[in-house]
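Student: I would like to learn how to read a few features of a protein model. Could you take me through them one at a time?

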Amino acid sequence: MNTPNTLPLDGVRIVDFTQVMLGPCATQMLADFGADVIKIERPGTGDLSRNFFGEPSESSMNNAVFSSLNRNKRSVEIDTKSDAGKQMVYDLVRNSDVVVDNFRAGVMDRLGFGYDALKQINPKIISASGTGFGDKGPYAHKGGQDVLAQAMSGVMEKTSDPSIPRSIYPTTLCDYSAGMHLVQGILAALLAREKTGVGQKVSVSLYDSMIAMQMQEAAQWSAHNEVLNWAAMPLTGVFDTTDGALVIVGAFKANPLRDICTALGIEDVSPDYPDLSSQRKNKAFLQELFATNFATNTTAHWLERLEDQDLLCAPVRALGEALADPQTKINEMLVDIDHPFLGDITLVGSPVHLSGAPLQIRHLPPKLGEHTQEVIEEFGLGVPAQDKLAI
């Protein structure tokens, strides 16, 4: 059992080759759990997300996007294509538990850091990879990216209404989902190693994560050749009010249509549309009925009336409004740090709350190569084996 403030992954060391989103969100969560995450970065440029916003400079390379994904990590600059750099990585692997990357399939093998090579150095090593489409098959070497996974998995094709153009989901849905699956795989491999004494390879992909997210839809299609689209349900929708918008989910009740009519103060039309089949056939009429009435008053007015009928509803808000909500603070989802370049900045905390191990900021988002010398000295990187006893 963890004693208070003992981090569950204390003592676990991770060599982190990841960049941008999929990998870094995974290794940051592991770092928040207490792992010593050593981030391997290209000399001079580092993680691609350091330079999202213009020409590289000391201040721009620790921009807000990079900082949001890289707290509690140590940054080491290593030229992994040089013999000396490769040897430094191998020295780290001998003293580590997990190696993580999110390169295209085959890149780690070409660098000399594939699982087959690393397990010869350290049989206990866990090699974890996040790719676009998997490490074999027709798309294995295709460039993977969040938007591509949305498109190819079927997620982008669905809209709440056929009249609405298909569009890109505006946040990194696939990257975050695959990143969390990568965390699960690494934790499972660490538990398995406790029983077997040996490591293994962990693989996740953006594509697989999006297929998995549609498990209900896939089962419905397989069983009935029918598209299941939760956003297209006839009593569910987003509606404008006089001062904003709200969303309502007309489901999980005996007669939600009757209750919506009561909330709107209009004649009950549920006897005319008593079941889901008839409501689907008349969705356009029902949605227009709702829209016309919701447009006559404020969001707060309608939310109160909908909640009086115990209907599922919520205001549609901007991110800034959500961040300012007291619930966000109560849930400890915001972490304030004093950053040397960005000044006072607020980062999103961990969505996983452990009573015995609250989130700790042990390392600020690192400058490029900030911990290179520290790590070299700590592990004797590049030092001949016969001289390591002196370190």
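Student: Is Glu 332 buried or exposed?

Tutor: This is a predicted model. Glu 332 counts as exposed because its relative accessibility is 56%, and the cut-off for exposed is over 50%. Glu 332 lies in the loop between α15 (326-330) and β10 (334-339).

Student: What is the phi of Glu 332?

Tutor: Start with the general idea. Most residues other than glycine have a negative phi. Glu 332 is not a glycine, yet its phi is positive, at about 55°.

Student: What is the phi of Asn 225, and where is Asn 225 placed?

Tutor: Asn 225 is not a glycine either, and its phi is positive, about 55°. It sits in the loop between α9 (215-224) and β7 (236-240). With a relative accessible area of 55%, Asn 225 is exposed.

Student: Which residue just after α7 takes a positive phi?

Tutor: That is Gly 197, with a phi of about 80°.

Student: How do I read the packing of two helices?

Tutor: Two packed helices are described by the angle between their axes and the distance between the axes. Here, take helix α1 (residues 22-32) and helix α7 (residues 173-196): they pack at an angle of about 45°, and their axes are 8 Å apart. The two helices are therefore oblique to each other. The crossing of α1 and α7 is right-handed.

Student: Which residues make the contact of α1 with α7?

Tutor: From α1 they are Leu 22, Cys 25, Ala 26, Met 29 and Leu 30. From α7 they include Tyr 176, Ala 178, Leu 182, Val 183 and Ile 186. By type, the residues of this contact are 12 nonpolar, one polar and one charged.

Student: How many residues does α7 have, and how far does α7 reach?

Tutor: α7 has 24 residues and covers 35 Å from its first C-alpha to its last. That is close to the 34 Å expected at 1.5 Å a residue.

Student: Which residues of α7 are buried, and what do they pack against?

Tutor: Among the buried residues of α7 are Cys 174, Ser 177, Gly 179, Met 180, Ala 189, Leu 190 and Arg 193. The buried residues of α7 pack against α1, β4 (98-101), β5 (126-131), α6 (146-152), β6 (201-205) and α8 (206-213).

Student: How many helices and strands are in the protein chain?

Tutor: There are 16 helices and 11 strands. The chain has 391 residues, of which 45% are buried. Its C-alpha trace spans about 90 × 50 × 45 Å along its principal axes.

Methods. Residues are numbered from 1 along each chain as its sequence is written. This is a predicted model: local features need pLDDT of at least 70, side-chain atom pairs count only at pLDDT 80 or more; totals for chains, interfaces and linings use all residues. Side-chain values use heavy atoms; hydrogens and water are left out. Axes are lines fitted to C-alpha atoms, for helices over the stretch in contact, and angles run from 0 to 180 degrees between N-to-C directions. Helices (H or I, at least four residues) and strands (E, at least two) are DSSP runs, numbered from the N terminus. Angles under 35 degrees count as roughly parallel, over 145 as roughly antiparallel, 65 to 115 as roughly perpendicular and the rest as oblique. A crossing is left-handed if the near helix is turned anticlockwise from the far one by less than a right angle, and right-handed if clockwise. Contact means heavy atoms within 4.5 Å. Ala, Val, Leu, Ile, Met, Phe, Trp, Tyr, Cys and Pro count as nonpolar, Asp, Glu, Lys and Arg as charged, and the others, Gly among them, as polar. The expected span of a helix is 1.5 Å times one less than its number of residues. Buried means under 20% relative accessible area, exposed over 50%, partly exposed in between (1.4 Å probe, protein chains only).
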